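Dear colleague,

Please find below the structure that I am handing over to you. My notes on it follow directly after.

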Amino acid sequence: MTEAELKKFPKHVFGQAFTTLKCEGSAYLPWLQKRVKESGGLILTRRIEDLWELHPSFDIVVNCSGLGSRQLAGDSEIFPVRGQVLKVQAPWVKHFIRDGSGLTYVYPGASNVTLGGCRQKGEWNLSPDAEMSRDILSRCCALEPSLQGAWDLREKVGLRPFRADVRLQTELLARDGRRLPVVHHYGHGSGGFSVHWGTALEAARLLSECVQARRTPAPTSKL
């Protein structure tokens, strides 16, 4: 839908379409972690510099390292797109609002309202930019003037792991006669919340193929 078409819809109608999307990473990610543990998964925290460090402790690796794949997978196609948002208290805001480009948005959550944003390609700086914060607040107030009364403003900065295409494929690493199957699953950029469940199912399918390949005996010559 174009920006011109969006303008034909009353703001309250556009907002209503988004009132059920209250999924927040601060609550969702711990819930996913809980599901992993309840399914028998073991969560380890460890720093690695090379995927080979996981061999022979693990038979198959699923690489979801995002920007870390520049080093771990030697992938120069993935790059950061810096994002900065404001977290504010504005409990009267109930609907999701954004402009046609999606660059300026107002997303109410369970405990605060998120105001955004920016897309700065190739920028690694994680420090908040005060001028950017003022610009975000100004743009969001233009969409929703009542935000001028918001309080408890907090700045948040993150790096989106962008790639021309999500990398969702299997790679067989080989070194000194050893083999390590790797399922790559990264590069979602800002679309992780939108498509992650579907791509995770595909990654699980690729993982199952790797497991089956390990269980299938290699054919032997009958010469």
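I begin with His184, which, apart from residues within four places in sequence, is in contact (heavy atoms within 4.5 Å) with Leu51, Asn63, Ala73, Arg167, Leu168, Gln169 and Glu171. With Glu171, the side chain of His184 also forms a polar contact of 2.7 Å. A polar contact here is a pair of N or O atoms within 3.5 Å, where within protein one atom must be able to donate a hydrogen and the other to accept it; residues adjacent in sequence count only if both atoms are side-chain atoms. His184 belongs to strand 8 (residues 178–188). His184 counts as buried because its relative accessibility is 1%; buried means under 20% relative accessible area, exposed over 50%, and partly exposed in between, with a 1.4 Å probe and protein chains only.

As to provenance, the model is predicted: local features need pLDDT of at least 70, side-chain atom pairs count only at pLDDT 80 or more, and totals for chains, interfaces and linings use all residues. Residues are numbered from 1 along each chain as its sequence is written, and side-chain values use heavy atoms, with hydrogens and water left out.

The protein chain contains six helices and eight strands, in the order α-α-α-β-α-β-β-β-β-β-α-β-β-α along the sequence. These are DSSP runs numbered from the N terminus (helices: H or I, at least four residues; strands: E, at least two). Of the 223 residues in the chain, 33% are buried. Where contacts join residues at least 6 apart in sequence, 67% of them link residues at least 24 apart.

The largest nonpolar core comprises 16 residues, and Val88, Ala90, Val106, Val113, Leu115 and Leu147 have the most contacts inside it. Such a core is a set of buried Ala, Val, Leu, Ile, Met, Phe, Trp, Tyr and Cys residues joined through side-chain atoms within 4.5 Å. Strand 2 (79–89), strand 5 (113–116) and helix 5 (130–143) each give two or more residues to this core, and helix 5 gives the most, with five. Another core, of nine residues, lies apart from it and includes Leu54, Leu72, Leu173 and Leu180.

Finally, the cysteines. The structure holds zero disulfides, a disulfide being a pair of cysteine sulfur atoms within 2.5 Å. For Cys140, the nearest cysteine sulfur is that of Cys141, 7.2 Å away. Cys140 counts as buried because its relative accessibility is 0%; Cys210 is also buried, with a relative accessible area of 9%.

With kind regards
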